[in-house]
Amino acid sequence: MLEHLLALNQLPKIGPIRIRRLIDAFGSAEKVLATRKDQLLRVDGIGPELASILTDWESHTDPAAELRDLKERNLSVILPDDPNFPPQLRESYDCPLLLYVWGKIEERDRHAIGIVGTRRCSIYGKNSSKKLSFQLAHAGFTVVSGLARGIDTTAHEAAIAAGGRTVAVIGSGLAKLFPAENLALAERIADGHGAVVSEFPLHTAPDKKTFPQRNRIVAAWCRALVVSESPLWSGSLITANLAAEYGRPVYAIPGPIDKPTSAGCNRLIRDGA
């Protein structure tokens with residue numbers, strides 16, 4: 001079953017919502033991959049292009065190679081029916097089909113607070129994130145963030161310093177970790193402090209589409225989201241909007257009124273965060 005799910009997850013342009021619709025229609029991932037094009041076209045959202053990709057799936061994916069690579073890298077894959085899969089993420093309408101995991105996800109990681117913010121953070125933003133992340137991790141919450149430069153990095157480091165747990169959700173495959181400068185931090189997280197996770201196949205390079213997809217996992221995983229520092233146009237605000245859509249409380253750390261890096265947080269507070 002895992003091999004067939006890996007194959008579906010590797011296919012371009014389809015995504016988890018359509019894949020679940022297909023599995024519901026035909027009974028299993030294996031049956032989806034064996035279904036004729038005319039039958040695939042009867043499923044809502046599956047047009048000629050996607051049906052062609054599905055019927056020619058072996059030209060787009062090599063799940064056996066992916067499994068070998070997982071084993072060689074000592075990585076694992078968990079599915080939504082795994083007891084350690086975060087229940088709040090499982091219940092989201094666009095839940096990932098699976099998660100690649102470097103490290104270990106534990107049951108306690110369901111008690112998570114997301115902390116996100118700008119890559120170009122100020123000293124004020126960095127210090128605020130450091131103190132808050134440290135205290136939350138020390139109190140027993142898992143800190144979830146995106147392993148990006150700036151606020152994300154600070155949040156992960158502070159959680160580790162507190163002896164707590166942290167989960168890094170990345171916008172690339174685990175074999176293409178981004179940013180590369182955070183490889184040492186990722187190793188520390190995976191070595192007993194939490195997990196680095198991704199829904200993308202191992203060798204997926206980051207691009208402008210993968211980061212918003214990553215953001216939805218952060219937003220859905222956490223029980224509440226904190227935006228530490230953010231300008232008016234930032235991926236952190238996308239994550240905040242997604243968290244609100246999922247029904248999560250959204251918090252924002254206020255910043256100086258004359259600093260562009262705090263404008264996004266101040267607007268969130270104005271709007272009810």
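The largest cavity of this predicted model is lined by R119, G146, L147, A148, R149, I170, G171, F178, P179, F211 and R214. A cavity is here a set of points on a 1 Å grid over the protein atoms alone where a 1.4 Å probe fits but cannot get out, and lining residues have an atom within 4 Å of a point. The lining comprises six nonpolar, two polar and three charged residues (Ala, Val, Leu, Ile, Met, Phe, Trp, Tyr, Cys and Pro count as nonpolar, Asp, Glu, Lys and Arg as charged, and the others, Gly among them, as polar). The space in the largest cavity is about 50 Å³, the volume being that filled by probe spheres set on the points, with grid points joined across faces, edges and corners. One cavity of 30 Å³ or more is counted.

Strand β7 spans residues 224–227, with A224 and V226 pointing one way, L225 and V227 the other, and all buried (under 20% relative accessible area, 1.4 Å probe, protein chains only). Strands are DSSP E runs of at least two residues and helices H or I runs of at least four, numbered from the N terminus. Strands β3 (residues 112–116) and β7 run parallel and are joined by four bridges, where pairing requires at least two DSSP bridges. Within β7, L225 stands opposite G114 and also opposite V250 in β8. Strand β8 (residues 250–252) is parallel to β7, with three bridges between them. Together with helix α12 (residues 235–245), β7 and β8 form a right-handed β-α-β unit; with the strands pointing away from the viewer, the path from the first strand over the helix to the second runs clockwise.

Residues are numbered from 1 along each chain as its sequence is written, and side-chain values use heavy atoms, without hydrogens and water. Local features need pLDDT of at least 70 and side-chain atom pairs count only at pLDDT 80 or more, whereas totals for chains, interfaces and linings use all residues.

Technical notes
On a 1 Å grid over the protein atoms alone, a cavity is a set of points where a 1.4 Å probe fits but cannot get out, and a pocket is an open set with protein on both sides within 12 Å along at least five of seven lines; lining residues have an atom within 4 Å of a point. Buried means under 20% relative accessible area, exposed over 50%, partly exposed in between (1.4 Å probe, protein chains only).
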